[in-house]
Amino acid sequence: MMEKNETKSTNSPYLAPLLAGAMAGLSVDLTLYPFDTLKTRLQAEQGFHKAGGFRGVYRGILTVASTSMPTTALFFVSYETTKTLCIPHLPSSYSSLVHMFAASVGEILACVIRVPTEIAKQRKQTYVGTKKTSSISILFQAYKTEGFRKGVYRGFVSTVARDLPFSFIEMPVWELLKTTLRNHNDGQLSSFQTALCGSAAGGFAGAVTTPLDLAKTRIMLAPDYAVTRKLRIRPVLEEIYCRGGVRGLFAGATPRLLAFTLGGFVFFGVYDLTKNLFERNTSR
């Protein structure tokens, strides 16, 4: 797979990132879901073992599988479109800023789908009761007791606050690593090399943003919004730091680092491979 992964399809500039993003999101979520479950339980306030331990690590996966495709498809369509619109009008020295801006647009739009999914997924991951509960019933109960904004979309701001810094780091680093490899490889870049770049960028960004992910998890898992309405990222992190210090702020960092290192490889590798295959077939 060569430089072609940077060109646009002659049929539509949206179809390639739409399909590739959907396939990438589904692939990485189905493959690495257990790591996310373990990370969530490590970050749960009640503790790892009370939150479920190593039991049922695939609990809630149907919720993720059914929404990962539209979420990542929306992100990459927004990212590629914003990047394509901005880059021709700015000097090459602004490329990192363009990638950051494009990533922010993609993340904010993707969070419209991601946040309700996270609410349902994380509450299923930490549920230890015997009564079966579905993701729909969790979201319906959240809406019924706490409303749309405070229930279904609780943690939207903290999720955006976590995902924006993550994308600010991951996407420019990914693009920079690709450019560096391409410059040392006669302008060529394979999907495997793209996956390696994604692995390095994802692992680094995931580790750095662990405290923000921890705050988001605590806010989403809080049982009653009426009682915990004052929960904000800074007070939550201050409380965690007072109890556990720096180590407490990075609870779940190891599975998060491992998940995003492996996930970055799968995610960006599948994205690039699918995008190239689609563009090659449609250009015939």
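This is a predicted model: local features need pLDDT of at least 70, side-chain atom pairs count only at pLDDT 80 or more; totals for chains, interfaces and linings use all residues.

Colleague: OK, at what angle do H1 and H2 cross?

Modeller: Roughly 140°, and the axes of H1 (residues 15–43) and H2 (residues 61–86) come within 7 Å. Helices here are DSSP runs (H or I, at least four residues), numbered from the N terminus. Axes are lines fitted to C-alpha atoms over the stretch in contact, with angles from 0 to 180 degrees between N-to-C directions.

Colleague: Left-handed or right-handed?

Modeller: The H1 and H2 crossing is right-handed, meaning the near helix is turned clockwise from the far one by less than a right angle.

Colleague: Which residues meet there?

Modeller: On the H1 side they include Gly 21, Gly 25, Asp 29 and Tyr 33, and on the H2 side Ala 65, Ser 68, Phe 76 and Glu 80 are among them. By class, the contact of H1 with H2 has 13 nonpolar, 4 polar and 2 charged residues. Nonpolar covers Ala, Val, Leu, Ile, Met, Phe, Trp, Tyr, Cys and Pro, charged is Asp, Glu, Lys and Arg, and the others, Gly among them, are polar.

Colleague: And how does H2 sit against H9?

Modeller: H2 packs with H9 (residues 253–282) at about 70°, with the axes 13 Å apart. They are therefore roughly perpendicular, a label for angles of 65 to 115 degrees. Thr 72, Phe 76 and Glu 80 of H2 make the contact with Phe 267, Phe 268, Tyr 271 and Lys 275 of H9, where contact means heavy atoms within 4.5 Å.

Colleague: What about H1 and H7?

Modeller: Those axes come within 9 Å and cross at roughly 75°, with H7 spanning residues 210–221. H1 is roughly perpendicular to H7. From H1, Lys 39, Thr 40 and Gln 43 take part, and the H7 residues include Asp 213 and Arg 218. The class count for H1 with H7 is 2 nonpolar, 4 polar and 3 charged.

Colleague: Switching topic, where does UniProt put the "transmembrane region" feature?

Modeller: The unreviewed UniProt entry places it at residues 14–35, 56–77 and 257–274. Such annotations may be inferred rather than shown by experiment. In the model, residues 14–35 are 95% helix and 0% strand, with the end C-alpha atoms 31 Å apart. For residues 56–77 the values are 77% helix and 0% strand, with the ends 34 Å apart.

Colleague: Lys 275 next: buried or exposed?

Modeller: Lys 275 is in H9 and counts as buried at 6% relative accessibility; buried is under 20% relative accessible area, exposed over 50%, partly exposed in between (1.4 Å probe, protein chains only). Lys 275 and Leu 15 are 260 residues apart in sequence and 9.0 Å apart in space, C-alpha to C-alpha.

Colleague: And Phe 265, what does it touch?

Modeller: Leaving aside neighbours within four places in sequence, Phe 265 is in contact with Phe 192, Ala 195, Leu 196, Gly 198 and Ser 199. Phe 265 is partly exposed at 32%.

Colleague: Last one: what's the phi of Asp 186?

Modeller: Positive, about 55°, although Asp 186 is not a glycine. Most residues other than glycine have a negative phi. Asp 186 is in the loop between H5 (156–183) and H6 (191–208) and is exposed, with a relative accessible area of 74%.

Terms used: Residues are numbered from 1 along each chain as its sequence is written. Side-chain values use heavy atoms; hydrogens and water are left out. Helices (H or I, at least four residues) and strands (E, at least two) are DSSP runs, numbered from the N terminus. Angles under 35 degrees count as roughly parallel, over 145 as roughly antiparallel, 65 to 115 as roughly perpendicular and the rest as oblique.
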